[in-house]
Amino acid sequence: INIKTLQLKIYYDRSLFIEAGLVTDSFRHLLSKLEKTAASVIFESYKNFINYYSMLIKAKEKMKKENVFELLQTLKKKKVTQERNWLKKKANELLK
């Protein structure tokens, strides 16, 4: 799981959106298999990461600041998220 997270971060930084989409789908599939065996908090934190990562990719692709604001507001509400600080950092970079 950590390798997929790292892959997604690299693809984001290099603007490789197609590859990011493929790994995101693969990650979602992996999480669906692990849902019954993983601790619920861990599962939820990775599920949230994938959802917020997808929002971040869309915001970067379309360069819409309202998508970035929506992501930042959501991140404030949901505390259980893998790579939360990284997501916030990248979202804030899009606002500059």
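This is a predicted model: local features need pLDDT of at least 70, side-chain atom pairs count only at pLDDT 80 or more; totals for chains, interfaces and linings use all residues.
Let me begin with arginine 28, which lies in helix H2, residues 17-34, where a helix is a DSSP run of H or I with at least four residues, numbered from the N terminus. Residues are numbered from 1 along each chain as its sequence is written, and side-chain values use heavy atoms, with hydrogens and water left out.

Arginine 28 has a relative accessible area of 36%, so it is partly exposed; on this scale, buried means under 20%, exposed means over 50%, and partly exposed is in between, with a 1.4 Å probe and protein chains only. Together with Lys58, Lys62 and Lys64, Arg28 forms a patch of positive charge on the surface. For such a patch, residues need over 30% relative accessible area and no salt bridge, and like charges are joined within 9 Å.

Now let us turn to the loop between helix H4 (65-77) and helix H5 (84-94), where threonine 81 lies. Is threonine 81 buried or exposed? Its relative accessible area is 10%, so threonine 81 is buried. Leaving aside residues up to four places away in sequence, threonine 81 touches Ser45, Asn48, Phe49, Tyr52, Leu75 and Leu87, and contact here means heavy atoms within 4.5 Å.

Valine 80 is also placed in the loop between H4 and H5, and because its relative accessibility is 31%, valine 80 counts as partly exposed. Although valine 80 and serine 45 are 35 residues apart in sequence, they are 5.0 Å apart in space, C-alpha to C-alpha. The contacts of valine 80, again without residues up to four places away in sequence, are Val41, Glu44, Ser45 and Asn48.

In helix H5 we find arginine 84, which is buried yet has no salt bridge, a salt bridge being a side-chain nitrogen of Lys or Arg within 4 Å of a carboxyl oxygen of Asp or Glu. Which side chain of opposite charge is nearest to arginine 84? That is glutamate 44, and it is 11 Å away.

Finally, asparagine 2 lies in helix H1, residues 2-13, and counts as exposed because its relative accessibility is 58%. Asparagine 2 and glutamine 82 are 80 residues apart in sequence, and their C-alpha atoms are 9.9 Å apart in space.

Key: Patches are made of residues with over 30% relative accessible area and no salt bridge: like charges are joined within 9 Å, nonpolar side chains (Val, Leu, Ile, Met, Phe, Trp, Tyr) within 5 Å. Accessible areas come from the Shrake-Rupley method with a 1.4 Å probe; for residues, only the protein chains shown count as cover. Lys and Arg count as positive and Asp and Glu as negative; His and the chain ends are not counted. The place of a charge is taken as NZ of Lys, CZ of Arg, CG of Asp or CD of Glu. Helices (H or I, at least four residues) and strands (E, at least two) are DSSP runs, numbered from the N terminus.
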